[in-house]
Amino acid sequence: MIELKNITKSYGNGAVKAVNDLNLTVSEGGLFGFLGPNGAGKTTTIKMITGLLKPDSGTILLNGLDIVQEPLKAKRIIGYVPDEPVFYEKMTGAQFLTFISDVFGVSKKNRSGIMELAGYFELDKSLGDVVSSYSHGMRQKLSIIAALIHDPEILILDEPIVGLDPKASFRLKEKLKSFCNMGKTVFFSTHVMEVAEKLCDRVGIISHGSLIASAPLYELRKEAGEKNASLERLFLELTGSLKE
């Protein structure tokens with residue numbers, strides 16, 4: 001469902017290589033956790049997958065669609081929750097969700113799911129308020145709902161748990177699992193190792209722009225010779241953080 005082939009991205013006229021020859025495949029129905037230290041290249045990779053950044057070289061395919069060559073078709077099948085969601089502050093929550101529905105061409109008869117999602121994340125009573133009055137957690141919920149309302153095939157989330165209260169966090173995790181159970185794909189980055197360990201069927205670890213591991217947790221444990229090691233410990237060992 002997601003395929004990255006030899007992706008490279010540099011900044012500063014090539015002085016800083018944020019992503020270096022990255023190869024990665026996420027299968028249909030997979031719940032993939034993308035992990036890495038600060039500055040490892042996670043957000044740059046996500047922005048290239050979503051078409052917000054163009055890779056210097058390589059190919060990104062979303063269900064067979066090249067995000068560079070066919071950006072509109074590719075973007076129609078993804079839902080995206082950025083690490084710092086941006087809104088039209090003077091819109092109400094309801095107006096913003098209607099706007100997003102219009103952008104994705106969701107017919108009015110198929111918009112009943114908006115209120116269902118808003119109720120699920122307990123935002124329904126605040127949709128009449130302007131977004132500028134929303135707390136950080138409410139904005140995060142609004143961004144998640146906006147990513148889901150056009151029924152995407154792929155959901156891409158950058159640190160989606162940050163700012164959510166425990167109940168909303170639990171409901172998001174349940175929603176991600178049910179999303180994958182329908183044969184759809186989730187790709188998300190997080191610094192919360194416990195979440196990735198319990199939720200993901202596979203994780204990828206990036207460090208200094210290069211993918212250093214991509215496997216189910218049990219395989220990472222087997223390779224490390226530590227059958228009971230936590231994902232946090234494996235992550236620190238693989239990224240060399242325990243030696244610092």
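My entries on these topics follow.

This is a predicted model: I take local features at pLDDT of at least 70 and side-chain atom pairs at pLDDT 80 or more, while totals for chains, interfaces and linings use all residues. Numbering runs from 1 along each chain as its sequence is written, and side-chain values use heavy atoms, without hydrogens and water.

**Rings.** I looked up aromatic pairs and found 6. Rings of Phe, Tyr and Trp (its six-membered ring) pair if their centres lie within 6.5 Å; planes under 30 degrees apart are stacked, over 60 edge-to-face, the rest tilted. Phe-87 and Phe-96 make an edge-to-face pair, with 5.0 Å between centres and 75° between planes. Phe-87 is buried because its relative accessibility is 9%, where buried means under 20% relative accessible area (1.4 Å probe, protein chains only). Phe-96 is buried too, at 6%. I also noted a cluster: ring pairs link Phe-32, Phe-34 and Phe-187.

**Charges over a ring.** Next I checked Tyr-120. Arg-171 lies over its face, 5.2 Å from the ring centre. Lys-175 also lies over the face of Tyr-120, at 4.8 Å. The test asks for NZ of Lys or CZ of Arg within 6 Å of the ring centre and within 35 degrees of the ring normal.

**Cavity.** How many cavities of 30 Å³ or more does the whole structure hold? My search gave 1. A cavity is a set of points on a 1 Å grid over the protein atoms alone where a 1.4 Å probe fits but cannot get out; lining residues have an atom within 4 Å of a point. The volume of the largest cavity is about 40 Å³. Its lining includes Cys-200, Pro-216 and Leu-231.

Terms used
Buried < 20%, exposed > 50% of the residue type's maximum accessible area, 1.4 Å probe, protein only. 1 Å grid on protein atoms, 1.4 Å probe; cavity = no way out; pocket = protein on both sides within 12 Å on 5 of 7 lines; lining within 4 Å. Points joined across faces, edges and corners; volume = space filled by probe spheres on them.
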